[in-house]
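Good morning, everyone, and thank you for making time for this.

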Amino acid sequence: APPRARSRARLEDRGLFILRALAVLGLAFLGASPLVRCSRLSVQRSSGASLALAIVLDDSMSMRAPFEVGKSRFARAKDAADELIAGGREGDSIAIVLAGSPPRVALAATTDLSAARATLEGISESDRGTDLDGAISMAEALVTELPQVDKRIVLLSDRADGKADEAALGERASLPLWVAIPELGKDAADCAI
């Protein structure tokens, strides 16, 4: 009797055992997923429908300040714009406005996401001042007349426009303004000459 009991106690199918162990680990991971955060930017859709998004990208001189080791504020803002475009769906309209003074339209509203990506790749920082109010007004004008119901403006800037005494950014805008990366506005050490 003892030899038979030993043969039954051995693991007969190792593949099945590994599959079951992975299933248990997978369920544990799914249970913990509300605690896991995604580090990519994305736009929350209120009704699941397509949206019109105007990205205001600050290309002024202040965006050359370091944000992380080896990365400028502008590089981080450009990466964030790329993440937003990557999250676009068919039917979404994307417009890109540059906030260096004077503000310029880099890309009029289009549903061609590959054109938006190509335009973004060609943008670099400049030695201009900053005109955030003008850029936000321009972005609002680009998406106001579009057929999408959900229209938004995303600001990717350090908000260093030298107008601390004026009204808050986007206060006069009729569309919602989202400052996507507020950390870009942190003080930069040793950024003056």
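This is a predicted model: local features need pLDDT of at least 70, side-chain atom pairs count only at pLDDT 80 or more; totals for chains, interfaces and linings use all residues.

Residues are numbered from 1 along each chain as its sequence is written, and side-chain values use heavy atoms, with hydrogens and water left out.

Let me begin with the layout. The protein has five helices and seven strands, where helices (H or I, at least four residues) and strands (E, at least two) are DSSP runs numbered from the N terminus. Read from the N terminus on, the order of elements is α-α-β-β-β-α-β-β-α-α-β-β. Of the 193 residues, 35% count as buried; buried here means under 20% relative accessible area, exposed means over 50%, and partly exposed is in between, with a 1.4 Å probe and protein chains only. If we take the contacts with a separation of 6 or more, 74% of them come from residues 24 or more positions apart, a contact being heavy atoms within 4.5 Å.

Now to the sheet. In which order do the five strands of the open sheet stand? The order is E5-E4-E1-E6-E7, and the pairing is mixed; two strands are said to pair if DSSP finds at least two bridges between them. E5 and E7 (177–179) stand at the edges with a single partner strand each, so one side of each is left without a neighbour in the sheet. From one strand to the next, the twist averages 15°.

Let us walk across this sheet, keeping in mind that strands of a sheet pair through backbone hydrogen bonds, either parallel or antiparallel. E4 (residues 93–98) and E5 (residues 104–110) run antiparallel and are joined by four bridges, and they form a hairpin with five residues between them. Within that pair, valine 97 has valine 105 in E5 as its bridge partner. E4 also pairs with E1 in the parallel sense, over six bridges, and there leucine 57 stands opposite leucine 98 in E4. E1 pairs with E6 (residues 150–156), again in the parallel sense, over seven bridges, and isoleucine 55 has valine 154 in E6 as its bridge partner. Finally, E6 and E7 pair in the parallel sense over three bridges, with leucine 155 opposite valine 179 in E7.

How buried are the helices H3 and H2? In H3, 10 of the 14 residues are buried, so this helix is largely enclosed by the rest of the structure; among them are Phe74, Ala77, Leu84 and Ile85. In H2 (residues 14–32), by contrast, the number buried out of 19 is zero, so H2 lies largely in the open.

H3 (residues 73–86) also meets H4 (residues 113–121): their axes come within 10 Å and cross at roughly 175°. That makes H3 roughly antiparallel to H4, since angles under 35 degrees count as roughly parallel, over 145 as roughly antiparallel, 65 to 115 as roughly perpendicular and the rest as oblique. Lys78, Ala81, Asp82, Ile85 and Ala86 in H3 meet Leu113, Ala116, Arg117, Leu120 and Glu121 in H4.

I will end in the loop between H3 and E4, where we find arginine 89. At 44% relative accessibility, arginine 89 counts as partly exposed. Leaving aside its neighbours within four places in sequence, arginine 89 is in contact with Arg45, Gly48 and Leu113.

Definitions and conventions
Axes are lines fitted to C-alpha atoms, for helices over the stretch in contact, and angles run from 0 to 180 degrees between N-to-C directions.
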